[in-house]
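Please look at the sequence and the structure before reading on.

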Amino acid sequence: MTRGDWRTPKAPSRPALSQAAWSKILDKREARLAMAQTENQTGSQSQNAGFSGSMAFILAASGSAVGLGNIWKFPYVTGENGGGAFVLFYLMCILALGAPLMFAEIFIGKRGKAGPVDSFKNLGTKAAARAHPVGYIFILTAFVALSVYGVIGGWAVYYTSLALDNGFDGMTPEAASGTFGTLMDDFATMVLFQILFMAAITYVVAKGVSTGIERYTTILMPLFFMMLLGLTAYALTTSGAGMRSVSFMFNPDFTKLTPSAMAEALGHAFFSLSLGVGGMLVYGQYMPSSPSATPITRSVATIVVVDTLVALCAGLLIFSVIFGHGGEAAGGPGLLFMSLPVAFGEMTGGYYVAVLWFALVVVAALTSGISYLEIIVAHADRLGMGRAKAAVSLGVAITSVGFATVWSLGPGKDVIIFAGKNLFDTLDFFAFGVSLPLGGLVIAITVGWAVRREEYRAYLSELGEGTFNKVVFLTKYVTPVLIIMIMAYLIKTS
Ligand code: PHE
């Protein structure tokens, strides 16, 4: 007799439904929901209610994920934290925490279909509905984050114009830091380029989901990938430092992996994948309706791989260019804006590389900025404000708050707001350091503990039983514990 023979089977609390039966029930519910939504909307809005297919979703969501985080921040935090070991730990965070959390966040959007706040109320259980106030934190964070993101996006536009003007030709390191420093102190120029950047984002979001976000991201993202691959190949083969750059990025030296580097890696994984602030939730809500129509699993796999590859390519590109021209890896936030221009100014074909590179940064920043704004507009639209009006008024409000950020980088640099930090660092601390992990924590707990397991299973039906159980385990236990540890560390050391 084997052990299983005498074990009493557990009585199911309600008749167990097969996987297929669940999918069918959910498909019907989704169809009803979609119909009700379409009926509630007037002509132009209803055409705009969602993405046309899974490819559009994947491109838009990749557009959200791939941003300044990948090409500006990832290389410089990798440089500051010693390279290989940091990269390896970051990859682990992406796999163990990022991917499961992205399943959960997209699930909330796709199942809830009602913006960053109300989607929580449609998850089928009272406990999950109780998490809805976190949606307001998402909105606030997206607002603040975009007010900063828009400023940095503006720098990228400004540098594109410099590159077009052949402004990096023969540039010395001193001249490069002079140019950046002058920009920081030049309120009017910074504001002007920030306004240009924000206007583009506002325009696309005002146009709607399919006729705005989908249309532009499906053009911009393929273009972005082509430019990035071309440039990376060029840099690796011509800089003379390709191998050094590869070894810097992938040869781990674990003595350099400090607790603060680990906290940074985790926070950055969230930021880079647009998690914990409702970015994936809101795009998830525009996915084609039924659980089986656009499988979450395949989309998540694609987005995660694309986002990671882009970050790695950007790192390889930047380090090979910088090492090839005698620069240092630990250049900090100025790596992109101070060290690269010098290298571009020296290299063969540097004019074209510089123009392409900064255009690439602008594209990446635009598609992410669009997603930030959409988080807020999705909610405002639900409140009956109308998409175009919501986009424009929010765009203006966020840009105006961004002026304060601009001020805090120049004249207000030394004005302390909180815990020894100026306004820029304070916003950075709350928007990225506290609020993203907190958002991720609530999402993980909601989906891990408060949503019916069979239902989540139906949305992730492509995963095998074992993998699904692992994803749930990570979501329920590992993610919350790690996030709490990281938050405690960040708060203690801030
Ligand atoms: N993921 C984006 C980046 O890497 C930032 C972002 C976060 C955009 C959340 C939208 C929402 O730059």
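The backbone oxygen of Gln285 lies 3.1 Å from a polar atom in the side chain of Lys113. The model in which this distance was computed is a predicted one.

**Lys113**

Is Lys113 buried or exposed? Lys113 counts as buried because its relative accessibility is 3%, and the cut-off for buried is under 20%. The phi angle of Lys113 is near 50°, which is a positive value in a residue other than glycine. Lys113 and Leu123 are 10 residues apart in sequence, and their C-alpha atoms are 9.5 Å apart in space.

**The chain as a whole**

The protein chain has 494 residues, and buried residues make up 58% of them. Its secondary structure consists of 22 helices and 2 strands. Among the contacts with a separation of 6 or more, 81% are between residues 24 or more positions apart. The accessible surface of the chain comes to about 19,800 Å². Carbon and sulfur atoms hold 66% of that surface.

**The ligand and its surroundings**

Where does the ligand sit? The ligand sits in the largest cavity. It is surrounded by 14 residues, and the closest are Ala65, Gly69, Tyr149, Phe271 and Ser274. Four helices each supply at least two residues of the shell around the ligand: H4 (54–65), H5 (68–80), H14 (259–272) and H18 (350–382).

| Ligand atom | Protein atom | Distance |
|---|---|---|
| nitrogen | polar backbone atom of Ala65 | 2.9 Å |
| oxygen | N or O atom in the side chain of Asn70 | 3.2 Å |
| nitrogen | backbone N or O atom of Ser272 | 3.1 Å |

Taken alone, the ligand exposes 330 Å², and the protein buries 100% of that area.

Ser274 is among the residues closest to the ligand. Ser274 is placed in the loop between H14 and helix H15, which covers residues 279–285. Ser274 has a positive phi of about 55°, although it is not a glycine. Ser274 counts as buried because its relative accessibility is 10%.

Leu183 is in helix H10, residues 173–185. Leu183 is classed as buried because its relative accessible area is 3%. Which residues is Leu183 in contact with, leaving aside its neighbours within four places in sequence? They are Trp155, Tyr158, Tyr159, Thr189 and Met190. Leu183 and Trp155 are 28 residues apart along the chain, and their C-alpha atoms are separated by 8.4 Å.

Thr399 lies in helix H19, residues 387–409. At 9% relative accessibility, Thr399 is also counted as buried. The side chain of Thr399 reaches the backbone oxygen of Gly395 at a distance of 2.5 Å. With neighbours within four places in sequence left aside, Thr399 is in contact with Gln194, Ile195 and Met198.

Ser339 is in helix H17, residues 339–346. Ser339 and Pro173 are 166 residues apart along the chain, while their C-alpha atoms are separated by 7.1 Å.

Terms used
Residues are numbered from 1 along each chain as its sequence is written. This is a predicted model: local features need pLDDT of at least 70, side-chain atom pairs count only at pLDDT 80 or more; totals for chains, interfaces and linings use all residues. Side-chain values use heavy atoms; hydrogens and water are left out. Buried means under 20% relative accessible area, exposed over 50%, partly exposed in between (1.4 Å probe, protein chains only). Contact means heavy atoms within 4.5 Å. Accessible areas come from the Shrake-Rupley method with a 1.4 Å probe; for residues, only the protein chains shown count as cover. A residue is near a molecule or strand if one of its heavy atoms lies within 4 Å of it. A polar contact is a pair of N or O atoms within 3.5 Å; within protein, one must be able to donate a hydrogen and the other to accept it, and residues adjacent in sequence count only if both atoms are side-chain atoms. On a 1 Å grid over the protein atoms alone, a cavity is a set of points where a 1.4 Å probe fits but cannot get out, and a pocket is an open set with protein on both sides within 12 Å along at least five of seven lines; lining residues have an atom within 4 Å of a point. A molecule sits in a cavity or pocket if more than half of its atoms lie within 2 Å of its grid points.
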